[in-house]
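Have a look at the model first.

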Amino acid sequence: MAKELQIVGFRVGQETFGVPIASVQEILRPLPVTPVPGAPPHVEGVINLRGRIVSVVDLRKRCGAPAESHRRNRIVVAETEGRRIGLMVDSASEVLRIAENTIEPPASVFGEAEPGFVTGVAKLANRLVILVDLAKLLASGSTPPEAQ
């Protein structure tokens, strides 16, 4: 029997993305975001999350999807390598169980192209789920350093 991964699924535009459930700390309704001067366009800014400053990346802008505000928007707060990041998404509401043998590695999906922060694409019965590597997302230099 194939090993199953538990993934928190969220929507960006028409696509479903996912990150490992162990890295997700919470899912929030949007909070006031303080812009950071000179940040890339997809970095919304930072939020104060119970006294800790967390960078917020608008995954919708990063993926080229329209970034529209509506009541279903959420911030997925996740941690990787000791850093927290908030991902602004269109909606987040499900935990997916994905068999490892249904995940295609980036090389077979993207060929020689750089997959960026994508670790693979999982095939579910009626849709695909794009798996995100938070460490690669942070390592790209696209987010401001987290304040302590």
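## Ground rules

Arg127 is partly exposed, with 25% relative accessible area; buried here means under 20%, exposed over 50% and partly exposed in between (1.4 Å probe, protein chains only). This is a predicted model, where local features need pLDDT of at least 70, side-chain atom pairs count only at pLDDT 80 or more, and totals for chains, interfaces and linings use all residues. Residues are numbered from 1 along each chain as its sequence is written, and side-chain values use heavy atoms, with hydrogens and water left out.

## Salt bridges

The whole structure has 7 salt bridges, each a side-chain nitrogen of Lys or Arg within 4 Å of a carboxyl oxygen of Asp or Glu. In one of them, Arg127 pairs with Glu94, with the closest N and O atoms 2.9 Å apart. Glu94 sits in strand E8 and Arg127 in the loop between strand E10 (118-123) and E11, 33 residues apart; strands (E, at least two residues) and helices (H or I, at least four) are DSSP runs numbered from the N terminus.

Arg60 bridges to Asp90 at 3.5 Å between the closest N and O atoms. Arg60 is in helix H1 (residues 59-62) and Asp90 is in the loop between E7 and strand E8 (91-99), so the pair ties together parts 30 residues apart in sequence. Arg60 counts as buried at 4% relative accessibility, and Asp90 does too, at 11%.

## Nonpolar cores

The largest nonpolar core has 23 residues, and Phe10, Val12 and Leu134 are among those with the most contacts inside it. Such a core is a set of buried Ala, Val, Leu, Ile, Met, Phe, Trp, Tyr and Cys residues joined through side-chain atoms within 4.5 Å. A second, separate core of 8 residues includes Leu28, Ile47, Val54 and Met88.
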